[in-house]
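I opened this entry to keep track of what I look up in the structure. I go topic by topic.

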Amino acid sequence: MNITRIAQSGRLRLIIAAVIVAIAGMVIPLSQIASARTAEAAAAGDGPKPTIVLVHGAWADSGSWDGVTQRLQADGYTVYALPNPLQGLSYDSAYLADFLHTISGPIVLVGHSYGGAVITNAATGDPQVKALVYIDAFAPAQGQTIAQLLASHPGSCAVPANLNVVPFPGAPTGVGDAYIKQSVYPSCMANDLPATEARVLAVTQRPIATSALTQQTGVPAWKTIPSWAVVGTADHAIPLALQLAMAKTAHAHITRVDASHLSMISNPGAVTDVILHAVRATS
């Protein structure tokens with residue numbers, strides 16, 4: 001009898017143990033499913049990462065965004081550093097607008113210097129553009145020209161005396177390609193960069209058609225799209241007072257940096273931080 005009872009007790013313990021194992025086997029997958037669903041919900045709440053489009057200005061090229069591009073790519077963003085034609089505000093804005101239409105999903109649009117005027121016109125009415133970021137840039141109001149803006153706040157080094165204007169094929173009467181004189185470029189555009197780097201940038205600069213300075217801005221995109229502005233306090237090309245005035249008119253979130261006109265080269269980390277802030281604020 002004792003042996004029988006012991007055997008029955010042993011079988012009972014085995015049955016209980018089997019039941020516990022079976023229940024545990026059900027609980028673990030259910031908890032994994034719940035965790036997966038929570039992760040999916042969190043990811044869906046974050047939404048897709050925007051594409052970031054960088055637009056350079058006059059006397060520069062897409063390479064001026066290299067430091068910013070590297071940082072954004074390291075964070076997993078798709079980036080385009082668009083080659084700005086520099087042929088005039090209407091043409092350049094239409095060129096950019098057509099490019100933006102090839103992108104799926106949200107866009108954060110960044111413009112440097114003259115590129116700010118281009119994004120101001122190109123993004124108007126485009127629902128995909130969620131934020132505008134101005135880097136030492138023009139943010140003109142409707143009807144304004146770059147020449148008028150510079151005249152309203154004297155002090156820019158980008159004056160006719162510091163330009164070399166050369167002809168180009170098919171140019172309208174009175175229009176030429178303007179370069180910053182190489183002897184002036186380092187102190188005008190790159191006063192916080194090493195002299196050797198500034199001299200290379202002076203040689204590799206791209207010219208801008210003089211007509212770009214006198215073409216009027218249309219309805220500005222910053223009227224309906226949130227904007228941010230990085231303002232270089234040591235900028236000799238666009239006077240600080242002018243940058244601040246334009247940024248305030250555009251209701252931009254302003255960040256001051258101790259930098260020249262080429263803050264995206266000398267301070268790529270600070271510029272990237274502002275771009276990412278715009279991304280987070282509008283995602």
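**Model.** I am working from a predicted model.

**Aromatic rings.** I searched the whole structure for aromatic pairs and got one. The partners are Tyr80 and Phe99, with ring centres 5.3 Å apart. Their planes stand at 80 degrees, so I log the pair as edge-to-face. The cut-off I needed here is over 60 degrees for edge-to-face.

Tyr80 has a relative accessible area of 37% and is partly exposed. Phe99 has 21% and is also partly exposed. Buried would require under 20%.

I also looked for a charge over a ring. Lys49 lies over the face of Tyr77, at 4.4 Å from the ring centre.

**Helix crossing.** I then turned to helix H2, residues 66-74, and helix H10, residues 268-282. Their axes come within 9 Å and cross at roughly 50 degrees. H2 and H10 are therefore oblique to each other. The crossing is right-handed. Which residues make the contact? On H2 I list Gly67, Val68, Arg71 and Leu72. On H10 I list Pro268, Gly269, Val271, Thr272, Ile275 and Leu276.

**Helix H4.** How many residues of H4 (residues 114-122) are buried? I find nine of nine, so the helix is mostly covered, going by the cut-off of under 20% relative accessible area. The buried residues include Tyr114, Gly115, Gly116, Asn121 and Ala122. I checked what they pack against. The partners are S1, H3, strand S3 (107-112), strand S4 (129-135), H5 and strand S7 (208-209).

**Helix H8.** In H8, residues 240-249, I find Leu242, Gln243, Leu244, Met246 and Ala247 buried. Their cover includes helix H5 (146-152), strand S8 (227-232) and strand S9 (253-257).

**Positive phi.** His251 follows H8 and lies in the loop between H8 and S9. Its phi is positive, about 55 degrees, although His251 is not a glycine. Is His251 buried or exposed? At 66% relative accessibility, His251 counts as exposed.

Trp59 is another entry on this list. Its phi is near 60 degrees, a positive value in a residue other than glycine. Trp59 is found in the loop between strand S1 (51-55) and H2. Trp59 is buried, with a relative accessible area of 10%.

**Cys188.** Where is Cys188? I place it in helix H6, residues 185-189. Cys188 has a relative accessible area of 0%, so I mark it buried. What does Cys188 touch, leaving out residues up to four places away in sequence? The contacts are Cys157, Ala158, Ile180, His236 and Ala237. I also took one spacing. Cys188 and Ala198 are 10 residues apart in sequence, and their C-alpha atoms are 10.0 Å apart in space.

Key
Residues numbered from 1 in each chain as written. Predicted model: local features only at pLDDT ≥ 70, side-chain atom pairs only at ≥ 80, totals over all residues. Heavy atoms only, no water. Phe/Tyr/Trp six-rings, centres within 6.5 Å; stacked < 30°, edge-to-face > 60°. Buried < 20%, exposed > 50% of the residue type's maximum accessible area, 1.4 Å probe, protein only. Lys NZ or Arg CZ within 6 Å of the ring centre and 35° of its normal. Axes fitted to C-alpha atoms, helices over the stretch in contact; angles between N-to-C directions. Helix = DSSP H or I, 4+ residues; strand = E, 2+ residues; numbered from the N terminus. Parallel < 35°, antiparallel > 145°, perpendicular 65-115°, else oblique. Left-handed = near helix turned anticlockwise from the far one by under 90°. Contact = heavy atoms within 4.5 Å.
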